[in-house]
Amino acid sequence: RFIGASPGSTEIHGLLAGLCAELRERFALTEKDAGGDASGGGDPLAIPVEPEALRREFARFIEIAGRRGRVLIVLDGLDQLSPSPEALRLSWLPARLPDGVRLVVSAAQSAGSDAGAPWAEKLARLGLPRLELAPLTDDERRRIVRELPSLFCKTLGEEQSELLLEN
């Protein structure tokens, strides 16, 4: 998930509901898998609307999906989440990831800024390993701007490239 790529992607509840929906679809999760009511056995696993229930159920979704196969959840731009108390507490992350489930998160920290610092500290408290990456060099940025569009048989003009590099 690219947090911050669209307006709705920065809210924790939307993020969790989207992840649950993707896991439900990818692993065909049903109420029967969750040990729910036998009468609704083949019904798709329900995604709670209430925020607290959604946070609780997210752990159950990844546990069930992990029993079905390997799960890799990538959350790019954790620092782009709206800074609500619920998001900052990280209580929506399970204390322990189930077998078969891996989690990769990123949080930017701009030069001279502590934007990613609260996230890094909170993730460290969970005992998650940390890998700090250096910013891209100007040459690396230029190469990406030049080569990435070619993967889609596109090219950018010099002016377009410079506008991208300025951001």
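Predicted model: local features only at pLDDT ≥ 70, side-chain atom pairs only at ≥ 80, totals over all residues.
Local features are reported only at pLDDT of at least 70 and side-chain atom pairs only at pLDDT 80 or more, whereas totals for chains, interfaces and linings use all residues. Residues are numbered from 1 along each chain as its sequence is written, and side-chain values use heavy atoms, with hydrogens and water left out.

The protein chain has 6 helices and 2 strands. These elements are DSSP runs, numbered from the N terminus: helices are H or I runs of at least four residues, and strands are E runs of at least two. Along the sequence, the order is α-α-β-α-β-α-α-α. The C-alpha atoms fill a box of roughly 60 × 40 × 30 Å, taken along the principal axes. Of the 167 residues in the chain, 32% are buried. Buried means under 20% relative accessible area, exposed means over 50%, and partly exposed lies in between (1.4 Å probe, protein chains only). Contacts (heavy atoms within 4.5 Å) were also sorted by sequence separation. Among those with a separation of 6 or more, 64% join residues 24 or more positions apart.

In soluble globular proteins, nonpolar side chains tend to be buried together. The largest nonpolar core in this model has 29 residues. Such a core is a set of buried Ala, Val, Leu, Ile, Met, Phe, Trp, Tyr and Cys residues joined through side-chain atoms within 4.5 Å. Leu23, Leu75, Leu78, Leu81 and Trp92 have the most contacts inside the core. At least two core residues each come from α1 (12–27), α2 (51–68), β1 (71–76) and α4 (117–125). Helix α1 gives the most, with 7 residues.

Two residues illustrate the packing. Leu81 touches Ile3, Ser9, Thr10, Glu11, Ile12, Leu15, Ala87, Trp92 and Trp119, leaving aside residues up to four places away in sequence. Ile62 lies in helix α2. Its relative accessibility is 1%, so Ile62 counts as buried. With residues up to four places away again left out, Ile62 touches Leu23, Ile73, Pro94, Leu97, Pro98 and Val101. Lys122 is 60 residues from Ile62 along the chain, and their C-alpha atoms are separated by 21 Å.

Most residues other than glycine have a negative phi. Leu90 has a positive phi, near 60 degrees. This residue lies in the loop between α3 (85–89) and β2 (101–106). Leu90 counts as buried because its relative accessibility is 4%. Cys153 also has a positive phi, near 55 degrees. Cys153 is found in the loop between α5 and α6. At 76% relative accessibility, Cys153 therefore counts as exposed.

Helices α5 (residues 138–147) and α6 (residues 158–166) pack at an angle of about 135 degrees, with their axes 10 Å apart. Axes are lines fitted to C-alpha atoms, for helices over the stretch in contact, and angles run from 0 to 180 degrees between N-to-C directions. The two helices are therefore oblique to each other; angles under 35 degrees count as roughly parallel, over 145 as roughly antiparallel, 65 to 115 as roughly perpendicular and the rest as oblique. The crossing of α5 and α6 is right-handed, meaning that the near helix is turned clockwise from the far one by less than a right angle. Arg141, Arg142 and Val145 of α5 meet Ser161, Leu164, Leu165 and Glu166 of α6.
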